[in-house]
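Here is a set of exercises to work through with the model open beside you. Try each task before you read the solution.

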Amino acid sequence: MKNISILGSTGSIGTQALDVIRANPNLYRVNALTAQNNADLLIKQALEFKPSMVVITCEDHYQKVKNALPFIEVLCGEDALIAVVELPQTDFVLTAIMGAVGLKPTIAAIIAKKDIGLANKETLVVAGEMVMQLAKKNGVKIIPVDSEHSAIFQCLVGEEQNPIEKIYLTASGGPFRGKNVDFLATVTKKEALKHPNWVMGAKITIDSASLMNKGLEAIEAKWLFDLATNQIEVVVHPQSIIHSIVQFTDGSMKAQMGVPDMKLPIHYALAYPKRVKSDFERFNFLKYPAFTFSEADTKSFRNLELAFIAMEKGGNLPCILNAANEIVVEAFLQDKIGFLQMSDVIEECMGTMQFIAQPTLNNYLETDAHTRIFANQLVTKQN
Ligand code: MG
């Protein structure tokens with residue numbers, strides 16, 4: 001029986017993880033659940049799964065959650081996420097919250113020697129080098145939940161002695177694949193929120209439309225698999241069936257495939273190193289007579305290029321990129337800026353914020369906070 005704490009249980013990954021847990025009650029027990037704002041769903045989940053602790057980070061909802069769950073310990077505030085990951089009964093922490101706010105609880109979980117199912121890619125984007133070193137030092141396994149990284153992770157099982165030559169991160173291309181800058185200048189959030197293959201939360205769906213998601217994933221892959229920038233290539237594969245590819249030094253390639261359903265990588269991460277039977281939809285070859293591949297268009301989708309620049313230069317630049325991106329996505333979702341202006345703001349932040357080559361944890365937290373302030377100023381100016 002694995003005792004699981006889920007950070008972000010009311011989001012897209014969190015609810016799907018609970019679907020997996022519900023289907024395997026003899027394998028998994030929910031030890032703690034956390035949510036930011038969605039008090040109603042959190043209460044419903046807690047009544048069903050009976051965790052020993054529940055956290056609502058937004059304090060406005062605390063009393064409501066506490067009153068609804070008299071037999072469960074209820075905490076509020078962001079620091080309570082630390083208490084959750086340190087619970088002694090927890091074996092496994094699924095980090096499914098969105099954004100750089102995942103960094104501190106992830107570090108706390110590693111120090112508490114809990115294995116991590118990582119669905120919060122921003123943690124590795126912001127401070128990947130530090131987090132991976134800390135995990136190694138504490139003997140903690142970090143099992144990726146992101147579908148591309150789960151694919152690479154699965155391809156590498158049994159290949160521990162064999163160096164990677166290159167990885168190919170597959171990208172669906174999002175809803176605006178093949179569109180030019182003139183088109184992108186006029187797109188609305190409603191269009192951007194319509195992903196062709198994946199059902200996900202709003203932030204990652206916008207990131208997918210702008211290709212920032214693939215840029216963040218490249219940085220995530222760099223740290224997870226200890227790669228140089230020139231070992232990571234993005235290839236557009238609109239069918240989203242091949243989830244990513246590893247190329248070894250003999251030229252041989254391994255790919256992992258499956259229908260685009262996040263429950264698959266979640267299920268794998270929870271069960272690792274085993275594979276547990278599921279009743280998920282099976283792939284049907286007749287539905288996919290052809291797989292296609294093409295190059296990513298970094299001229300129209302500048303975010304992808306900006307992410308590769310940040311990855312290559314390193315230091316706190318990916319942290320700047322990520323913080324600026326979180327602000328512009330929120331601004332785009334609130335109709336404050338246009339689709340292409342998101343890249344303008346990110347680029348200006350990258351050029352303006354102070355570069356730190358060897359950041360400490362405090363440097364990262366400060367960079368994150370300062371970049372958000374500056375990016376918000378730029379958003380107001382653009383508006
Ligand atoms: Mg992904």
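**Exercise 1. Locate Pro273 and describe the peptide bond that joins Tyr272 to it.**

Solution. Start with the place: Pro273 sits in the loop between α12 and β12. Helices (H or I, at least four residues) and strands (E, at least two) are DSSP runs, numbered from the N terminus. Next, look at the bond: Tyr272 and Pro273 are joined by a cis peptide bond, with omega about 5°.

A word on the ground rules before going on. This is a predicted model, in which local features need pLDDT of at least 70 and side-chain atom pairs count only at pLDDT 80 or more, while totals for chains, interfaces and linings use all residues. Residues are numbered from 1 along each chain as its sequence is written, and side-chain values use heavy atoms, with hydrogens and water left out.

**Exercise 2. Find the aromatic partner of Tyr272 and classify the pair.**

Solution. Rings of Phe, Tyr and Trp (its six-membered ring) pair if their centres lie within 6.5 Å; planes under 30 degrees apart count as stacked, over 60 as edge-to-face and the rest as tilted. The structure holds nine aromatic pairs. In one of them, the ring centres of Phe153 and Tyr272 are 5.1 Å apart and the planes stand at 70°, so this pair is edge-to-face. Now place the two residues: Phe153 belongs to helix α7 (residues 147-155) and Tyr272 to the loop between α12 (263-271) and β12 (294-295), so the pair ties together parts that are 119 residues apart in sequence.

For contrast, take Phe283 and Tyr288: their rings are stacked, 5.3 Å centre to centre with 25° between the planes. Finally, check the cover. Buried means under 20% relative accessible area, exposed over 50%, and partly exposed in between (1.4 Å probe, protein chains only). Phe153 has 17% relative accessibility and therefore counts as buried. Phe283, at 23%, counts as partly exposed, and Tyr288, at 24%, also counts as partly exposed.

**Exercise 3. Work out which residues of α12 are buried and what covers them.**

Solution. Seven of the nine residues of α12 are buried. They are Pro265, Ile266, His267, Tyr268, Ala269, Leu270 and Ala271. With contact taken as heavy atoms within 4.5 Å, the cover of these residues includes β1 (2-7), α1 (12-23), β2 (28-35), β5 (92-95), β7 (142-144) and α7.

**Exercise 4. Trace the sheet that contains β8.**

Solution. Two strands pair if DSSP finds at least two bridges between them. Write down the order: this is an open sheet of five strands, β11-β10-β8-β9-β12, with mixed pairing. Then look at the edges: β11 (253-257) and β12 each have a single partner strand, so one side of each is left without a neighbour in the sheet.

Now move to β8 (residues 164-171), where seven of the eight residues are buried. On one side, four bridges join β8 to the antiparallel strand β10 (residues 242-248), and Ile164 has Phe248 as its bridge partner there. In β9, Leu169 is partnered by Val234, and Ala171 stands opposite Val236.

**Exercise 5. Identify the protein donors of the magnesium ion and their spacing.**

Solution. Donors are N, O and S atoms within 2.8 Å of the metal (3.2 Å for Na, K and Ca); water is not among the atoms, so sites may look incomplete. The protein donors are Asp146 (OD), Glu148 (OE) and Glu217 (OE), at 2.1 to 2.2 Å from the magnesium ion. Along the sequence, the donor residues follow the spacing D-x1-E-x68-E. As for cover, Asp146 and Glu148 are both buried.

**Exercise 6. Compare Leu211 and Asp226: is each buried or exposed?**

Solution. Take the backbone of each in turn. Leu211 is not a glycine, yet its phi is positive, about 65°; Asp226, also a residue other than glycine, has a positive phi near 55°. Leu211 lies in the loop between α10 (202-210) and α11 (212-225), whereas Asp226 lies in the loop between α11 and β9. Then read the accessible areas: Leu211 is buried, with a relative value of 7%, and Asp226 is exposed, with 69%.
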